[in-house]
Amino acid sequence: MAFISSPHLVIAPVALPLVSAILTLMFPRFGRGLSLLGAVAILGAAMALVVQSAAGNDAVYLLGNWQAPYGIALLSDRLSAWAVLATAWVLFGVLLFIVGGDQDRGAYAHPLFHVLWMGVNGAFLTTDVFNLFVFFEVMLVGSYGVALLGAGPREAGATLRYVAINLAGSALFLIAAGLLYGVAGSLSFADLAQRLPALPAADQPLARVGVGLLAVVFLLKAAALPLSAWLPQTYGRISPVSAAAFTLLTKLGAYSLLRVTSLWGSALDEGSFSNGVLLAGVGTMLLAGFGALASLSLAQVATWGVLGSSGFLLIVFNAGSLQTLAAGLMYLPASAASASALYLVADLHARGRLGNAKLWLLAAALCAAGLPPAASFLAKIQALHGLLASPAHVWVAFALLLASLLLVVGFARAALRVAGSGGDQASAVERIALCWLCGGVVAVTLFAAPTQRYSLAAADGITHADSYVRMVLGTQSMRAQP
């Protein structure tokens, strides 16, 4: 139990995927076993982080024992630990499905999968702009390889477009980081929270440009309208198994934007910025709803569902209510797991192996559509309650209802088209993977009360930027040895 409450645990979600990637690269003959063993270890570390954070034991790990803002610091609080657990739950299920379907025969499949995992975890845990950029790039390197698993010309073309749009985003990210460092002299989230409001009046416009460019990058990663066109053209055209591993990548954009707005609100002209993001979220959800309504393919409908979930998170993260923010945190893992399950069902259908897995088609469609008893349904009810409590957000609530209805109709039509198809039998491991993903959504529903308490506590922590700053900058030096 002493190790579970140790700051050393914070580095585990980054170190374990790195070790797994190296080992699976060195010993390809044992790649499957090493990969699954590493995945179980990462999942255990993520669960331990949530247990630690739920007890109020937020932790900072200083790499090389260099104090922030000069060194690299990783922070595990309720928000980041929750996101790391959601990532672990989804990627473990997808990896299990890939192994069960014998779809890991591509070159370097397991190393690239763990590199992707490491990048996502690092981005959730990092506390500074430059290392966020680094982890984004690590994540993207892994995602490029995963997107090409079993790829033909169609999938390769979609991956090239995905690479191009992310290269543009990376260039903007570097420009934004350079502007912020040139003006404020720091890239630490916590340090910038103190420095940006204290900048001379002459430097504040340039700082706003830097922060604004960074926000544009995060909105691009979240596929927010009007930067949404790349997502249907990528997720809908690569293999469904690859898309299933990407369902949390758009959530990472919304998460990063939430970190920035909670810490640097005064530097963003917060009122107008939040309203702009709110409008983008509403537009993204409506676009997703109409897109799902116009689609017949299960994979395409799942893609519009991913886009809709991104829009929902942008809405609730910027509505200015503790209740809507907590609803978003409950929705995040449920929406990602259900979308991944639907992609995997689409993969079974594409390979003609849906014969004995139609129960999971129903379960995945119900969860992805946000119908009861899915946890995403409870999260949407909570979000609607929070939105309707504010007269200024009543129209947002009605837009959310309309978009959700369109998505439900789209999911129902696509699922009914697939349900009549036959085919061979899915393997037992593939069905276990689907059970794992859908079971995670059900688990959040069954434990809705403790999940809501955790989410409310995490939302309250986000609104108190001073505690984040004290945790990162006021941490006593920690020895590198246990």
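Apart from its neighbours within four places in sequence, Ser 376 is in contact with Tyr 331, Ala 334, Cys 367 and Gly 370. The model that shows these contacts is a predicted one. Ser 376 belongs to helix H16, which covers residues 375–388. Its relative accessibility is 2%, so Ser 376 counts as buried, given that buried means under 20% relative accessible area.

**The protein as a whole**

The secondary structure consists of 20 helices and 2 strands. Along the principal axes, the C-alpha trace spans about 65 × 55 × 45 Å. How does the radius of gyration agree with that of a compact globule? For 482 residues such a globule would have a radius of gyration near 23 Å, and the protein has 21 Å, which agrees.

Of the 482 residues, 59% are buried. The protein exposes about 17800 Å², and carbon and sulfur atoms supply 69% of that area. Contacts can also be sorted by how far apart the partners are in sequence. Among contacts between residues at least 6 apart in sequence, 80% join residues at least 24 apart.

Strand S1 takes in residues 59–62, and strand S2 takes in residues 73–76. In which sense do S1 and S2 pair? The pairing is antiparallel and runs over 4 bridges. At one place Ala 59 stands opposite Ser 76 in S2; at another, Leu 62 stands opposite Ala 73 in S2.

In a regular strand the side chains alternate between the two faces of the sheet. In S1, Ala 59 and Tyr 61 lie on one side and Val 60 and Leu 62 on the other. All four are buried, so both faces of S1 are covered. In S2, Ala 73 and Leu 75 lie on one side, with Leu 74 and Ser 76 on the other. These residues of S2 are all buried too, and both faces of S2 are covered.

Most residues other than glycine have a negative phi, and most peptide bonds are trans. Ala 223, although not a glycine, has a positive phi of about 60°. A cis peptide bond joins Leu 225 and Pro 226, with omega at about 10°.

**Buried and exposed residues**

Is Pro 153 buried or exposed? With a relative accessible area of 78%, Pro 153 is exposed, since exposed means over 50%. Pro 153 is found in helix H6, residues 153–184. Gly 119 is 34 residues from Pro 153 along the chain, and their C-alpha atoms are separated by 27 Å. Ala 223 is buried, with a relative accessible area of 0%.

| Residue | Relative accessible area | Class |
|---|---|---|
| Ser 376 | 2% | buried |
| Pro 153 | 78% | exposed |
| Ala 223 | 0% | buried |

Conventions. Residues are numbered from 1 along each chain as its sequence is written. This is a predicted model: local features need pLDDT of at least 70, side-chain atom pairs count only at pLDDT 80 or more; totals for chains, interfaces and linings use all residues. Side-chain values use heavy atoms; hydrogens and water are left out. The radius of gyration is taken over C-alpha atoms; the globule rule is 2.2 Å times the number of residues to the power 0.38. Buried means under 20% relative accessible area, exposed over 50%, partly exposed in between (1.4 Å probe, protein chains only). Contact means heavy atoms within 4.5 Å. Accessible areas come from the Shrake-Rupley method with a 1.4 Å probe; for residues, only the protein chains shown count as cover. Two strands pair if DSSP finds at least two bridges between them.
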